[in-house]
Amino acid sequence: MDEIKNHPSTVEFGEKECCALKIAVENATHREFIREFIKKAGEKEPKHSWAILAEIFTNTINLIFIPRGIHREFYATLAILERGQLTEGNKELACGHTVIEHIQALDNIYFLMAYPAGNN
């Protein structure tokens, strides 16, 4: 049987990216950004585009999707904000990953969101 191929614009967040985003959305420091972003998105985007931007990472360890502009803006900005938090002082993560692994995951998220592939 032939292998199913993903669309050229498909993005994959692996376990570390999903974990880093989960921690980022749970970070109280980012709540205002998340609240404001979703409020503004709700004014101009259909609900299915923004309704699960933050909640999806609660139990997700791998996510494959075709990001729209709203996803790119949200996840790129969140990655930058969380990376800034991780680089301040000595941090320990309860998830078992190292800070360096999360920084690398956040850098990957930013790269995937800032530099679209395929037709996206």
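Student: What should I know about the model and the numbering?

Tutor: This is a predicted model, where local features need pLDDT of at least 70, side-chain atom pairs count only at pLDDT 80 or more, and totals for chains, interfaces and linings use all residues. Residues are numbered from 1 along each chain as its sequence is written, and side-chain values use heavy atoms, with hydrogens and water left out.

Student: OK, how many helices and strands are there?

Tutor: Five helices and two strands. Along the sequence they run β-α-α-α-β-α-α. Helices (H or I, at least four residues) and strands (E, at least two) are DSSP runs, numbered from the N terminus.

Student: What share of the residues counts as buried?

Tutor: 38% of the 120 residues. Buried means under 20% relative accessible area, exposed is over 50%, and partly exposed is in between (1.4 Å probe, protein chains only).

Student: Switching to charges: how many salt bridges does a search of the whole structure find?

Tutor: Four. A salt bridge here is a side-chain nitrogen of Lys or Arg within 4 Å of a carboxyl oxygen of Asp or Glu. One of them joins Glu32 and Arg35, at 3.5 Å from N to O.

Student: Where do Glu32 and Arg35 sit?

Tutor: Both are in helix H2 (residues 31-44), three residues apart, so about one helical turn separates them. Glu32 is partly exposed, at 44% relative accessibility.

Student: Which residue does Arg68 pair with?

Tutor: Arg68 has a salt bridge with Glu45, also 3.5 Å from N to O. This pair links distant parts of the chain, 23 residues apart: Arg68 is in the loop between strand S2 (63-65) and H4, and Glu45 is in the loop between H2 and helix H3 (47-50). Arg68 is partly exposed at 38% relative accessibility, and Glu45 is partly exposed too, with 22%.

Student: What about Asp107?

Tutor: Asp107 bridges to Arg83, with the closest N and O atoms 2.5 Å apart. Here helix H5 (residues 99-114), which holds Asp107, is linked to helix H4, which holds Arg83, across 24 residues of sequence. Asp107 has 34% relative accessible area, so it counts as partly exposed. Arg83 is partly exposed as well, at 33%.

Student: How far is Ala24 from Arg83?

Tutor: 9.0 Å, C-alpha to C-alpha, although they are 59 residues apart in sequence. Ala24 is in helix H1 (residues 15-26).

Student: Is Ala24 buried or exposed, and what is it in contact with?

Tutor: Buried, at 0% relative accessibility. Leaving aside neighbours within four places in sequence, Ala24 is in contact (heavy atoms within 4.5 Å) with His30, Leu78 and Glu82.

Student: Last one: which residues form the nonpolar patch on the surface?

Tutor: Ile80, Tyr110, Phe111 and Tyr115, with about 440 Å² of accessible area together. Ile80 is in helix H4 (residues 69-86). Patches are made of residues with over 30% relative accessible area and no salt bridge, with like charges joined within 9 Å and nonpolar side chains (Val, Leu, Ile, Met, Phe, Trp, Tyr) within 5 Å. Accessible areas come from the Shrake-Rupley method with a 1.4 Å probe, and for residues only the protein chains shown count as cover.
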